Amino acid sequence: MSRIAVLGIGHGKFGRRSDATVQELAFEAFRDALQDAGLERKDLDATVIGSVPEYHKQRSLAGVVQEYLNLNPIPTWLTEVACASGSAAVRTAWMGIKSGLHDVVAVIGCQKMTELATAEILALMGRVGEVQWESIFGTTFPGYYALFAQAHMHAFGTTRQQLAQVAVKNHYYGARNPNALFQKEITVEKALESEPVASPLNVYDCCANADGAACVILASEKRAKSAARKKPLVWLDGVGCATASMSVLRRPNLHSLPSASDAAQQAYRMAEVAPRDIQVAEVHDCFSIAEIMAYEDLGFCEKGQGGRYIEDRKSWIGGGGVPVNVDGGLKAKGHPIGATGVSMACEIVKQLRGDSGARQVPNARVGLTHNVGGIGQYTFVHVYKRD
Amino acid sequence: MFAWFGKVNFSPYTKVAEFADHLKDGHLKGSRCRKCGYTTFPPRADCPECMSGEFEFKEFSGRGKLHTYTRIAAAPSGFEDEVPYTIGVVDLEEAGRLLAWFGPTVAESDIRIGMDLQVVPRIFEESERIKVYYTLDKPGTTWGKT
């Protein structure tokens, strides 16, 4: 079976980017990725844009990005699955190349969120729950994950301290990532004392809305092997995607994301790896509880042991488990929702190339991204390998 | 009139619109498929099991057990004046689940996962237009015709 390679990565600064439009953000990441790949625009067959349209005034975002990158007339389209839109774009590009239709595809995740007021964003995000029977009670996105956190604490004895320890780790690594929104370490005490958002989650259990863009350039095996390159090749060998009910009222339980475990199984099988083979992972820590559930859903630990996993520092570099979110995760990097999945791919490629500097996982050769849309309605798990 | 349902309603038109009329009359209704008998809450017109579109409303007792809950401190637009409010998810005795605010009979400090609760139909008294909803209250809580 032919493989799909990542030829180039580009990552802009995440944060409140009052200096740029969304297409200007996309340009920064795209230019870096093209340069990193040693390609020119004429080498591209198509672009796929991962973004959530409701946040932008511009209708049909792919069009304005394509124009600003000066890529007309090559094809482009948008993928949307809430916070997993970026990984849906990666998967779509992978499919396009695998089908033989395209050889080289640029995937651009981009999002401008901070032009909306926080209450408006809370309302918009809350409507990723089911609007007919749930949103009418003022549900919010943190509120949904809080329902999971409460259920997880009740079922497995997970503690608020353990939740806070996720934030402490991700801020520690965020402090070593120049593209992160928050580059400041925090303590468990500070996290526990922060403002309540939706019990048991406080401000430090939640990622921040942000603006930003990231880009990866994928290519067919043939094209990748013929390209002149300075960097070692990284292959996207396993792609998994699964869904679960929109409504929390229709889920089998509220302490795990079945779409995540299903997607992981698919990706592991395709890449012919097991959870123990993963040496570095980027997981969707939109809330602290989400990272704890990810440890379990991905099989890094037994179901119910996620709290213990962070308490024992297993997910830190050198902790004896799988180092997770060593670029700061959504928590410290910020979460420009369409860009996040592509940002995860960038970090894993960087890690497998050995280019992550102060946050490098030694000798990492197999890495994974876990990108969740909404409250687990969609999950994409991708496994990357270095030659 | 499904537009009656909720403080803010996002989906006024639905095949199960009569649900809100029943709630206004003090009845909580789930749905039952006329073909295969699949019963659920929230009600749905189209059976997810056998795909039949023939359904009937089925009276639910409103009795259930608390599955999980959260106290919301940061509200979305439209709910700022309610903050803080506590949302619970209950497993209903007959079938399915329901999400709602806690009513006045349950003190915040008494909320425990697994506790027995009663779903109570309610009407927003302070609203000029008809707005109906339901709350999670102590077992045995009674209500007049809303």
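The contact between the two chains takes 29 residues from chain A and 34 residues from chain B. Two residues count as in contact if their C-beta atoms, placed from the backbone, lie within 7 Å. The model is predicted, so local features need pLDDT of at least 70 and side-chain atom pairs count only at pLDDT 80 or more, while totals for chains, interfaces and linings use all residues. Residues are numbered from 1 along each chain as its sequence is written, and chains are lettered from A and ligands numbered from 1 in the order in which they are written.

On the side of chain A that touches chain B, the elements giving two or more residues are helix H4 (118–126), H5 and strand E5 (196–198) of chain A. Helices (H or I, at least four residues) and strands (E, at least two) are DSSP runs, numbered from the N terminus. H5(A) gives the most to this side, with seven residues. The residues of this side of chain A divide into 17 nonpolar, 10 polar and two charged. Here Ala, Val, Leu, Ile, Met, Phe, Trp, Tyr, Cys and Pro count as nonpolar, Asp, Glu, Lys and Arg as charged, and the others, Gly among them, as polar.

H5(A) (residues 141–156) also packs on helix H10 (residues 288–297) of chain A. The angle is about 55°, and the axes are 9 Å apart. Axes are lines fitted to C-alpha atoms, for helices over the stretch in contact, and angles run from 0 to 180 degrees between N-to-C directions. H5(A) is therefore oblique to H10(A); angles under 35 degrees count as roughly parallel, over 145 as roughly antiparallel, 65 to 115 as roughly perpendicular and the rest as oblique. Tyr145(A), Phe148(A), Ala149(A) and His152(A) of H5(A) meet Ile289(A), Ala290(A), Ile292(A) and Met293(A) of H10(A). By class, this contact has seven nonpolar, one polar and no charged residues.

Chain A also holds an open sheet of nine strands, in the order E3-E2-E4-E7-E1-E8-E11-E10-E9. Its pairing is mixed. Two strands pair if DSSP finds at least two bridges between them. Strand E3 (76–79) and strand E9 (280–283) of chain A stand at the edges, each with a single partner strand, so one side of each is left without a neighbour in the sheet. The twist averages 25° from one strand to the next. Within the sheet, E2(A) (residues 46–50) and E4(A) (residues 104–111) run parallel and are joined by five bridges. Ile49(A) has Ile108(A) in E4(A) as its bridge partner. Helix H13 (residues 337–353) of chain A lies across several strands, including E2, E4 and E9 of chain A. H13(A) runs at about 125° to E4(A).

Most residues other than glycine have a negative phi, and most peptide bonds are trans. Several sites depart from this pattern. The peptide bond from Asn72(A) to Pro73(A) is cis, with omega near 10°. Pro73(A) sits in the loop between helix H2 (61–68) and E3 of chain A. Another cis bond joins Val83(B) and Pro84(B), with omega about -10°. Pro84(B) lies in the loop between strand E4 (63–72) and strand E5 (85–92) of chain B.

Arg313(A), not a glycine, has a positive phi of about 60°. Its loop runs between helix H11 (306–311) and helix H12 (329–333) of chain A. Asn363(A) has a positive phi near 55° and lies in the loop between H13 and E10 of chain A. Arg313(A) counts as partly exposed, with 14 C-beta neighbours inside 10 Å. Asn363(A) is exposed, with 9 other C-beta atoms within 10 Å. A residue is buried if 20 or more other C-beta atoms, placed from the backbone, lie within 10 Å of its own, exposed if 12 or fewer, and partly exposed in between.
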